[in-house]
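Please examine the sequence and the model before reading the solutions.

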Amino acid sequence: PPPQGERLKLAEIMTTRVISATVATDIREIARIMLDERIHAVPILDGNRHPIGIVSSQDLWRGIANHGPLELWT
């Protein structure tokens, strides 16, 4: 850790290995990867690999709570 009062730079703490998905990726696959990799969010990329959104673990829980597992997983 830096000395007290010194600020960390983002590059010192960020992850460079980014797991991403597309809008066509199965939601079960995203959930499985999030569990396996112990991550809480996955960026969603378009066909040009530009970010268009993000899916968080909270989004998954909200989907289950509001739509039920059968509708979510189909």
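**Exercise 1: Salt bridges**

Identify the salt-bridge partner of Asp26 and state the separation of the closest N and O atoms.

Solution. Asp26 pairs with Arg28, and their closest N and O atoms lie 3.1 Å apart. A salt bridge requires a side-chain nitrogen of Lys or Arg within 4 Å of a carboxyl oxygen of Asp or Glu. The model is predicted: local features need pLDDT of at least 70, side-chain atom pairs count only at pLDDT 80 or more, and totals for chains, interfaces and linings use all residues. Residues are numbered from 1 along each chain as its sequence is written, and side-chain values use heavy atoms, leaving out hydrogens and water.

Next, consider accessibility (buried: under 20% relative accessible area; exposed: over 50%; partly exposed: in between; 1.4 Å probe, protein chains only). Asp26 is partly exposed at 33%, and Arg28 is partly exposed at 39%.

Finally, the whole structure contains 4 salt bridges. Among them is the Arg62–Asp59 pair, at 3.0 Å from N to O.

**Exercise 2: The core**

Determine which residues make up the largest nonpolar core.

Solution. A nonpolar core is a set of buried Ala, Val, Leu, Ile, Met, Phe, Trp, Tyr and Cys residues joined through side-chain atoms within 4.5 Å. The largest one has 8 residues: Ala21, Ile30, Ala31, Met34, Val42, Ile44, Val55 and Leu60. H2 gives the largest share, 3 residues.

Conventions: Helices (H or I, at least four residues) and strands (E, at least two) are DSSP runs, numbered from the N terminus.
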